[in-house]
Amino acid sequence: MLRYLLGRFTSLGLSLLVASLVIFAVIEVIPGDPAAFMLGLNATDETVANLRAELGLDGSVVSRYFDWIGGMLTGDFGTSYTYRVPVAELVVDRMWVSLPLALYALILSTVVAFPLGVIAASMRGTAAEVGIMGLTQLGLAVPNFWFGMLLVLVFAVSLQWVSAGGFAGWDDPWAAIVSLTLPAISLAVPQAAILARVMRSALVETLGQDYIRTARAKGLTRRQAVLRHALRNALIPVLTILALQFSFLLAGSIVIENVFFLPGIGRLLFQGITQRDLIVVESVTMLLVVAVIAITFLADIAYVIADPRLRRR
Amino acid sequence: MIGVEGLSLAIHGTPILRKVSFGIAPGEILGLVGESGSGKSMTALALMGLLPPGAVPEGVAALDGENLLAATEARLCALRGNEIGMIFQEPMTALNPVRTIGDQVAETLRVHGAAGKAEARRIARETLDRVGLSKIGMDRYPHELSGGQRQRVCIAAAVALHPRLLIADEPTTALDVTTQAQILDLLKGLVAEQGMALMLITHDLAVVSGMADRVAVMRAGEVVERGETNAVLRRPSHAYTAKLIEASGHQPDRDALAERAAVLSAEAVVRTYPGARQGLTRGPEVRAVDGVSLTLHRGESLGLVGESGCGKSTLTRALLGLEPVQAGRITLNGGPVGPDMPTDRRAAIQVVFQDPFGSFNPRWRVARLVAEPFHLFGARPADWREQVAGMLEAVGLSRSDMEKFPHEFSGGQRQRIAIARALITRPDVLVLDEAVSALDVSIRAQILDLLADLQGRFGLSYLFISHDLSVVRSVTDRVMVMQAGKIVEEGETERVFTAPAHAYTRSLIAAAPRLELISA
């Protein structure tokens with residue numbers, strides 16, 4: 001068990017190192033000088049050079065890499081070229097939107113997908129299964145930004161229950177949750193569809209196992225056999241998908257944040273790219289990588305809790 | 001107590017069982033025998049009410065007067081595990097891998113509301129003790145137990161509530177002989193102690209002869225003969241029963257053609273594996289094969305017996321030249337054997353496994369499957385189709401089978417294809433690794449006859465690896481007994497079986513079920 005964790009930890013560290021190198025290298029090679037961009041077309045070479053020096057862009061590649069990494073490790077993410085405030089501050093602000101949004105969407109999708117998957121698997125060949133599978137097909141096929149716009153049209157424009165976009169801030173938690181609801185639903189729909197399908201196929205496979213027959217021979221009803229024996233065994237593939245989805249929700253809500261004008265991480269990244277605010281892009285990307293790797297690590301631990309056979313390793 | 005009368009069963013309209021009738025009294029063991037597909041397991045599942053979807057049973061299966069076939073699902077749930085327990089063939093997969101064994105035994109009590117949590121655990125502990133697992137903790141997981149121990153856990157879960165009927169579906173087929181003997185003893189003891197009825201489903205007449213009071217023989221969904229075990233086995237009244245008994249003890253006609261020339265030999269072969277990792281270091285290395293020497297003469301059949309984990313498979317891989325050895329040497333036709341041996345030497349030793357289906361590419365036709373070993377010679381010979389056709393005919397198949405796919409054949413026919421594929425390069429040595437173990441007795445007898453015939457025609461030497469002592473006894477000239485990586489006894493087959501010198505050989509022979517037909 002300890003050895004398993006140690007191994008996971010080592011691979012976590014290595015992944016981070018490789019990711020930081022890749023991100024740094026990509027930012028280095030993409031065209032566009034942030035200093036020239038910030039100063040506009042009429043700037044003289046001299047002012048550009050001065051700004052480059054001020055932004056710390058004139059050192060050697062190696063020293064800039066270590067400056068960047070060293071800063072990251074001590075919590076200094078640098079200063080945004082365009083906002084002129086520390087990147088850390090920007091990120092923390094935006095996280096208060098993106099993290100709750102991702103969690104909200106994840107909870108919604110799990111709450112919907114688990115029962116749907118279980119019902120579809122335990123009622124194979126019935127109209128219920130066909131209906132659920134059709135529904136998930138639809139959920140997969142509909143683009144989430146389009147679905148988001150549809151929600152806005154119905155609930156904000158026609159019914160006027162909620163505002164069409166923007167974020168109310170956490171001073172009023174209820175208002176904050178309300179303003180996150182439509183984006184969370186649009187994010188959750190395709191995720192729920194995938195999760196329900198994975199849950200169903202994992203359960204169907206588990207239900208064919210010998211130990212389900214043994215459980216039934218002991219006198220368990222079908223429902224008891226599903227809940228007590230099949231569910232936990234079907235959880236491993238589901239956990240894998242869940243971890244991937246959470247990472248995706250954190251990093252991949254750019255489009256939805258733009259649809260709903262939410263000041264989240266995705267929008268920050270998007271703005272950073274359009275304004276050549278490379279230090280923001282670099283740091284946010286790295287932070288997202290850290291988050292994804294951390295989530296994967298947590299999923300690895302969850303496997304061990306779900307399956308005792310992994311504890312020997 | 002259990003009375004089955006005119007039980008018929010159809011699945012989606014296809015008849016599976018036809019008017020099956022038998023009865024079992026308390027404290028009695030009924031052996032239900034038959035070959036695969038005869039309907040034994042379906043009969044059991046019908047009693048349990050666990051038939052697959054689309055199955056429609058008719059007739060009566062009464063437990064103390066209550067017709068199980070007419071019972072509601074809720075009533076059946078109350079009966080299963082409580083009045084009728086069942087254990088299955090595959091102990092490795094019959095337990096939930098993510099729950100402790102104590103949990104799984106206690107569950108039987110909990111689900112029937114027979115005991116509170118603490119009481120259920122106490123009874124579970126007692127039951128585990130009773131099935132011989134007193135040294136095994138309740139908090140162990142199935143993967144930490146051996147196959148025999150897992151089957152004991154299954155038995156404990158099935159008998160925890162003292163059911164009136166226990167159905168055991170091939171409970172020892174997946175186990176080693178000594179483990180099999182222990183499990184059969186345990187079942188017999190439980191029947192005597194608790195006065196429950198036992199329905200023992202098996203394909204193995206020898207198991208039945210030592211266990212069952214009465215026996216019912218099934219073929220194609222019908223009970224063709226039933227009666228008191230000794231009477232049925234000694235004086236079968238139905239031709240099919242007689243055929244089964246003959247096939248079980250089948251002795252193929254073999255020409256004695258063994259010469260003194262060695263074709264395959266091994267001297268002090270050692271095969272080790274690195275030990276399990278323990279932190280940064282490794283445990284002691286595992287000597288899977290520990291100083292084994294053997295000689296296989298031209299035209300000879302050499303048996304290799306031993307229980308699972310004794311090193312048989314590792315030795316086989318080394319002899320086939322698939323893995324390097326750490327010490328000693330192996331020679332085939334005078335040349336060294338190893339992973340880098342020349343292909344013509346590799347062609348001289350071929351192998352047939354237990355389940356050929358796994359080694360057949362399902363999308364290839366038989367002609368291509370059988371011709372595959374030709375790649376050892378570089379290109380296929382010009383007349384390869386002729387050679388394949390000839391070899392198929394030699395193994396009792398026909399030329400027209402060349403264009404078929406493997407799934408179109410039965411298990412016995414697939415084994416014939418595997419033999420044809422092994423012989424296409426005209427090897428000197430054929431390694432038969434549990435090659436007949438998965439076959440029904442009558443099919444097995446046919447394959448053994450075929451092997452005896454081919455040995456004479458092609459001058460083959462056989463290395464016959466099996467856990468089934470009776471088969472080894474009937475087809476080999478000499479036998480080696482392997483235990484923990486070492487050959488503990490070796491000699492003429494008849495001598496080893498009649499006067500075993502080593503204690504381990506004696507225990508193996510004592511554990512093996514025998515079909516005793518000599519009148520008492």
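**Figure 1. B:Glu434, a buried loop residue with a positive phi.** At 10% relative accessibility, B:Glu434 counts as buried. Buried means under 20% relative accessible area, exposed means over 50%, and partly exposed lies in between (1.4 Å probe, protein chains only). B:Glu434 sits in the loop between strand E19 (429-433) and helix H15 (441-458) of chain B. Helices (H or I, at least four residues) and strands (E, at least two) are DSSP runs, numbered from the N terminus. The phi of B:Glu434 is positive, about 50°, although this residue is not a glycine. Most residues other than glycine have a negative phi. This is a predicted model: local features need pLDDT of at least 70, side-chain atom pairs count only at pLDDT 80 or more, and totals for chains, interfaces and linings use all residues. Residues are numbered from 1 along each chain as its sequence is written, chains are lettered from A and ligands numbered from 1 in the order in which they are written, and side-chain values use heavy atoms, with hydrogens and water left out.

**Figure 2. B:Ala268, a strand residue with a positive phi.** B:Ala268 is part of strand E11 (residues 262-273) of chain B. Its phi is positive, about 45°, and B:Ala268 is not a glycine. B:Ala268 counts as partly exposed, at 40% relative accessibility.

**Figure 3. B:Val441 and B:Ile443 in helix H15 of chain B.** B:Val441 is buried, at 8% relative accessibility. B:Ile443 is partly exposed, at 28%. Contact means heavy atoms within 4.5 Å. Leaving aside neighbours within four places in sequence, B:Val441 is in contact with B:Glu35, B:Leu244, B:Ala247 and B:Ser248. The C-alpha atoms of B:Val441 and B:Ser248 are 5.7 Å apart, while the two residues are 193 apart along the chain. B:Ile443 touches B:Glu35 and B:Gly412, not counting residues up to four places away in sequence. From B:Ile443 to B:Gly411, 32 residues apart along the chain, the C-alpha separation is 8.7 Å.

**Figure 4. Arginine over tryptophan at two sites in chain B.** A charge sits over a ring if NZ of Lys or CZ of Arg is within 6 Å of the ring centre and within 35 degrees of the ring normal. B:Arg368 lies over the face of B:Trp364, 3.7 Å from the ring centre. At the other site, the charged end of B:Arg380 sits over the ring of B:Trp384, 4.1 Å from its centre.

**Figure 5. An aromatic cluster in chain A.** A:Phe24, A:Tyr65, A:Phe66 and A:Trp68 form one cluster. Rings of Phe, Tyr and Trp (its six-membered ring) pair if their centres lie within 6.5 Å; planes under 30 degrees apart count as stacked, over 60 as edge-to-face and the rest as tilted. Over all chains, the structure has seven aromatic pairs. A:Phe24 and A:Tyr65 form one that is edge-to-face, 5.3 Å centre to centre with 70° between the planes. A:Phe24 lies in helix H1 (residues 2-29) of chain A and A:Tyr65 in helix H4 (residues 61-73) of chain A, so the pair ties together parts 41 residues apart in sequence. A:Phe24 is buried at 7% relative accessibility, and A:Tyr65 is buried at 10%.

**Figure 6. Helix H5 (residues 87-122) against helix H12 (residues 265-274) in chain A.** The two axes come within 8 Å and cross at roughly 135°. Axes are lines fitted to C-alpha atoms, for helices over the stretch in contact, and angles run from 0 to 180 degrees between N-to-C directions. H5(A) and H12(A) are therefore oblique to each other. Angles under 35 degrees count as roughly parallel, over 145 as roughly antiparallel, 65 to 115 as roughly perpendicular and the rest as oblique. A:Leu90, A:Val91, A:Arg94, A:Met95 and A:Ser98 in H5(A) meet A:Ile265, A:Gly266, A:Arg267, A:Leu268 and A:Gln271 in H12(A).

**Figure 7. Helix H9 (residues 210-217) of chain A, largely enclosed.** Six of its eight residues are buried, so H9(A) is largely enclosed by the rest of the structure. They are A:Tyr211, A:Ile212, A:Thr214, A:Ala215, A:Arg216 and A:Ala217. In chain A, these residues pack against helix H8 (173-207) and helix H10 (222-251). In chain B, they pack against helix H1 (40-48), helix H2 (73-79) and strand E6 (84-87). Just after H9(A), A:Gly219 has a positive phi of about 110°.
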